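Subject: Structure handover

Hello,

Please find the structure below. My notes on the contacts follow it.

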Amino acid sequence: MRKTVVLIMALALLCSCTKNLEENIFCTVTMHAYLPDGRQIVSMTIDPNLPGNMFRNLNTGIDYKFPVFVNNSCSLQVQKGVYMIAFDAQALFQDGSVSTVRFTAWKNPISAVSLLNDNDTLEIELKLLK
């Protein structure tokens, strides 16, 4: 009987010595913006105060601030989840001109995008407004 108790305790001790695996809850998102006409964007700034500009986690309700796009891309770290992304922005082009551009592909819960990996890349096709 005593040997059985010692054996059970030894097995319990061995089973409790496994590594604690923690899952990463954050995703590093890289966004590549482009226009259908191929013009290169030197920088693009998104005003978070404009209505309709959002990078919102539908699971938590957290709104993230857009970073400045430099040479057509930017990166930010967000919590993994499902996101609504839409914005109007001021884009500065290589020739020095400035135009307003828009992105609305993931503007509602039905079309939202899932960011569930440790690293995700999003292709952002912009529309030129003016």
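Phe66 has a relative accessible area of 8%, so Phe66 is buried, the limit for that label being under 20%. Please keep in mind that this is a predicted model.

The ring of Phe66 pairs with that of Phe55 in an edge-to-face arrangement, with 5.5 Å from centre to centre and 80° between the planes. Phe55 belongs to strand S3 (residues 54-57) and Phe66 to the loop between S3 and strand S4 (69-70), so the pair ties together parts that are eleven residues apart in sequence. Phe55 is buried as well, at 1% relative accessibility.

A second pair is made by Phe69 and Phe87. The geometry here is tilted, at 6.3 Å centre to centre and 40° between the planes. Because Phe69 lies in strand S4 and Phe87 in strand S6 (residues 81-93), this pair ties together parts 18 residues apart in sequence. Phe69 is buried at a relative accessible area of 0%, and Phe87 is buried at 1%.

The structure holds eight aromatic pairs. Which residues form the aromatic cluster? It is made up of Phe55, Tyr64, Phe66, Phe69, Tyr83, Phe87, Phe103 and Trp106. Another ring, that of Phe93, has the charged end of Arg39 over it, 4.1 Å from the ring centre.

Next, Asn57. This residue is found in strand S3, the strand that also holds Phe55. Asn57 is buried, with a relative accessible area of 0%. A polar atom of the Asn57 side chain lies 2.7 Å from the backbone nitrogen of Asn59. For the backbone nitrogen of Thr60, the distance to a polar atom of the Asn57 side chain is 3.2 Å. Leaving aside residues up to four places away in sequence, Asn57 touches Ile62, Tyr64, Gln79, Lys80, Gly81, Val82 and Tyr83. Tyr64 and Tyr83 are also members of the aromatic cluster.

Now the charged pairs. Side chains of opposite charge can pair when their charged atoms come close. How many salt bridges does the structure hold? There are four salt bridges, and three of them are described here:

- Arg56 and Asp63 meet through their side chains at 2.6 Å, N to O. Arg56 is partly exposed, with a relative accessible area of 28%, and Asp63 is partly exposed at 47%.
- Asp118 and Lys80 have their closest N and O atoms 2.8 Å apart. This pair links distant parts of the chain, 38 residues apart: Asp118 is in the loop between strand S8 (113-115) and strand S9 (119-125), and Lys80 is in the loop between strand S5 (73-79) and S6. Asp118 is partly exposed at 39% relative accessibility. Lys80 has a relative accessible area of 19%, so Lys80 counts as buried, the limit being under 20%.
- Arg102 and Asp88 have their closest N and O atoms 2.6 Å apart. This pair also links distant parts of the chain, with Arg102 in strand S7 (residues 98-106) and Asp88 in strand S6, 14 residues apart. Arg102 is partly exposed at 32% relative accessibility.

Phe66 pairs with Phe55 and belongs to the aromatic cluster.

Regards

How values were computed
Residues are numbered from 1 along each chain as its sequence is written. This is a predicted model: local features need pLDDT of at least 70, side-chain atom pairs count only at pLDDT 80 or more; totals for chains, interfaces and linings use all residues. Side-chain values use heavy atoms; hydrogens and water are left out. Rings of Phe, Tyr and Trp (its six-membered ring) pair if their centres lie within 6.5 Å; planes under 30 degrees apart count as stacked, over 60 as edge-to-face and the rest as tilted. Helices (H or I, at least four residues) and strands (E, at least two) are DSSP runs, numbered from the N terminus. Buried means under 20% relative accessible area, exposed over 50%, partly exposed in between (1.4 Å probe, protein chains only). A charge sits over a ring if NZ of Lys or CZ of Arg is within 6 Å of the ring centre and within 35 degrees of the ring normal. A polar contact is a pair of N or O atoms within 3.5 Å; within protein, one must be able to donate a hydrogen and the other to accept it, and residues adjacent in sequence count only if both atoms are side-chain atoms. Contact means heavy atoms within 4.5 Å.
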